[in-house]
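Please examine the sequence and the model shown below. A short report on selected parts of it is then given.

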Amino acid sequence: MLSVSDLHLSFGGIKALRGVNFEAKKGEITGVIGPNGAGKTSLFNAISGFYTPHKGRIHFNNADITGISPDKRASLGMARTFQNIALFRGMTVLDNIKLGGHTRLNTGLFSALKYFGSARKEELELRRDIEERVIDFLEIDHIRKYPITMLSYGLQKRVELARALAMRPSVLLLDEPVAGMNREETADMARFILDVQEQYGTTILLVEHDMHMVMDICSHIVVLNFGQQIASGTPTEVAKNPAVIEAYLGVAA
Amino acid sequence: MINGNLKADYSADERILNNRNKQFFVYGSMFFLTLFPVFADDYAVLMACKMGILLIAVIGVNVLTGYTGLISLGHGAFIAIGAYSTVIFSNLFDGLPTGILPFVVVPLAISVSAIIGIIVGLPSLRVKGLYLAVATLAASFIVKFLIEQDLFSPWTGGIVGIDTPVPNILGWELDTKREMYVLITVLAICTMLAAQNLFRTRVGRAFIAIRDRDYSAEILGISLLRYKLMSFAISAGYCGLSGALGAYFYARILPDQFGLNLSLELVAALIVGGMGRTLGPFFGVIIIMLVPELIKISMSSATGGSLDWARYTAPVQEIVFGLLLVFFLLKEPLGINQITDRMLRAINRWPFARG
Amino acid sequence: MGQFTQFAINGLMSGAIYALIAVGIVSVYKATKVVNFAHGYLIMFGAYFYFTFAVIIPGQEWAPEWLASWKPSWMLEMRKGLGMFSPLGAVLDWMANIPRILLGLVGAVSCNAILGRVVERTLMRPLMGQSVFAMIMVTVGLISILSGSASLIWTADAAFVPHIAPNTPIRFELFGTMIFLFGADIVNMLIALLIFGGIVTMVKFTKAGIAIRATAEDQSTAYSMGISVPKVFSNAWVLASTTGAVAGAILATRNGISPSLGLFGFSVLAIVLMGGLDSYVGCFIAAMSVGVLEAMTQWKMGGEWAAIVPYVAVLVVIIFRPHGLMGQKEVERI
């Protein structure tokens, strides 16, 4: 579904990624773990097109997407959330989620200026879809008209997930979806992630520090350390891997 | 919570005037504008026309600066392009029946303005903020300079300006200010509605996303190239329309009308009114045009219309203009629209506590 | 070739003055991250202050006579019998003006320093820590305030202002053609270069300069390291307005005084962006190049086309190098 082969990325002299190889299988949850500064977010940024790798290829749905721009990748069905929430503060929750539908709509400039007619039809269709498929699903109907700044951290993370889901993605990249959340919020989020996978068959790739959650919900785990891939396999395999134990100084053991 | 705000379907919730108070305000204002030429004197109509022309341009700048977050200090140049294109195309298509001439000339003027807007907007793909502000400023100086050149004076009239045609819409000759008022008001309302419509669709949401976090927007599937240039084209097109109306409104246009002061007036009106808000330009234009006018009137009445004091009027107006801008930036950065929003919120919640 | 050299030298001389003005914009930007759109209008105030102290005050009845024209008897002796255009005569004429030139310069610099401080205190300080956009727009509002105030205060027609240095014509031969220069222009250029060099050295080596550079890197870290950021802000503004006063005095002697002097600031703004907002070296290179380019345009296409040279140049440079010739590229993060 989504595969990365021999990916190298460097900023000046710093080598952020040195030969990363893995495949996120269709309909499964793949986790990327590693200590701070291991290159997890850099990997995500390279996959979503914000950074250009200087070596290696990225394949998505059997097509090479290494060279294409981030917005084109999004229209191919790739959605992501961000580590430090990237919601648009000038818009309400509802508009933020609607923005996720951008790539699925066709309204052009002139029909937008006119609104009545095709644009209105399309917008109402989108609204219905989002209300029924996303807002209801993630249980955020009580906050849909709120400005982003009024929401708690956990809710903001959930809205970000909602925005990604509005894209109807075939692959979903989640960058630390439960970072900074308490146990209850973490459990909620884990449940939502599993529900997404179950209901829509979405391929999910997630970066996370919460080892319990990663071990619980992922079917495949990739471990990075200093930009290098040190292990890859099922949660049990990875947990036993001596290189991983060393990198984490016994945390995972 | 808003009282009396029950919605039974999505289309009701997606309307612009989604509650009674907004409806009351907007329909009330329209009613007032309709009656206005009946009881207002010539001078008031003249002022209203000027405001309408400026308003259309400020709405355009609002799309670019307020919603897309691209600062421009040179949009006066697009008004100039719109105005001069109108005159030049009117002279060029002299053979056409006068009744349909505006229907050819005005869209052409808007297109020329929009295309030049796209060209000026090209640096916006690589530079942000300040660099763009100076780039647009530089472009506007160049446009004004070219208009003034003797080289182009057969078309533009050069530094002494050029006479403008009288608009004729399907045989209706708009040769009085009151008739122009009708045209300008109708167009101003239409353009305002069109701009508001943008922000109910994916196009407007893309603009706001670019303003708030451009790179995240790109990752969500918004092409920065396409939407930044589109925003420039829209704002320049609006300014082009404003310029076209200006050309029809004034008997003669001069390069000096479209200088730095005009560009600053656009931005100031936007800041005073409220950036990135629908009614921001509306409130801003009223303040920016009325306050200097009030100063002029009060100064001339205070000094008994003596000519000795008259020469102080212009500098005082200039200072007050600057002070207004600074005052709003320091005290109410979100503009008058923020004040009216607070009032509207209080009304919506009545009889419960404000908050 | 001869013509070329003549125009190139003229270009370098105006380039030096551009650099002097640019130093004010760059310093304020480095310290506060604000691009001062009203810098040209601070310069205009400098010019008017120079005019006030060098022409209006010495011309008053109560002012001592030596202030308006210092003519000790030995000078009158020497002046006798000298021709209209003799170099010594020009020097002596200049010496008669020394008292009012000094008063003019001192007055302009100190008044502008006060003005810069007042602007910083009342308009910039309250916005510290808020959006840069608001601060920049405040400087845009300042344009109107300053330009309106100037035409309110100085209503009299601007008269001749004394040159800062003796304006002896200088002729010499270079590459086989006569080069024709004015003494005052050369001295102006030297003053501009000295001040520019002095400020760059100061920012590089002194404690106050290091404070400015630290603030430029990261305001909140600098603050927490014990650097008084508000003080850095106000120092930068005072620095900009005082260098602006000198530039204003020079411009007043070259181009005359009018409220439109403020427009000069926009050309320099273009130059600063061309050079890269935070780089003194880049701005110097840009200032000199634009000076020469302007002179060449004047030579080949006529004087009026020279007016848009900085604007065309900045657009071209920005398209190819978005952060100017030597500017630092900002690192984008998501």
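Predicted model: local features only at pLDDT ≥ 70, side-chain atom pairs only at ≥ 80, totals over all residues.

Residues are numbered from 1 along each chain as its sequence is written, and chains are lettered from A, with ligands numbered from 1, in the order in which they are written.

**A strand of chain A**

Helices (H or I, at least four residues) and strands (E, at least two) are DSSP runs numbered from the N terminus. Strand S8 of chain A spans residues 203–207 and is mostly covered, with 5 of its 5 residues buried. A residue is called buried if 20 or more other C-beta atoms, placed from the backbone, lie within 10 Å of its own. From S8(A), A:Thr203, A:Leu205 and A:Val207 point one way, whereas A:Ile204 and A:Leu206 point the other way. In a regular strand the side chains alternate between the two faces of the sheet.

Two strands pair if DSSP finds at least two bridges between them.

| Strand paired with S8(A) | Sense and bridges | Residues opposite each other |
|---|---|---|
| S3(A), residues 29–33 | parallel, 4 bridges | A:Ile29 and A:Ile204 |

S7(A), helix H7 of chain A (residues 183–200) and S8(A) make a right-handed β-α-β unit.

**The contact between the chains**

The contact takes 32 residues from chain A and 28 residues from chain B; two residues are in contact if their C-beta atoms, placed from the backbone, lie within 7 Å. Helices H2 (70–75), H3 (93–100), H4 (109–114) and H5 (118–135) of chain A each supply at least two residues of the side that touches chain B. H5(A) gives the most to that side, with 5 residues.

**Chain B**

Chain B has 16 helices and 4 strands. Of its 355 residues, 47% are buried. Its C-alpha atoms fill a box of roughly 65 × 55 × 45 Å, taken along the principal axes. Among contacts in chain B between residues at least 6 apart in sequence, 76% join residues at least 24 apart.

Terms used
Buried ≥ 20, exposed ≤ 12 C-beta atoms within 10 Å, placed from the backbone. Right-handed = clockwise from strand over helix to strand, strands pointing away.
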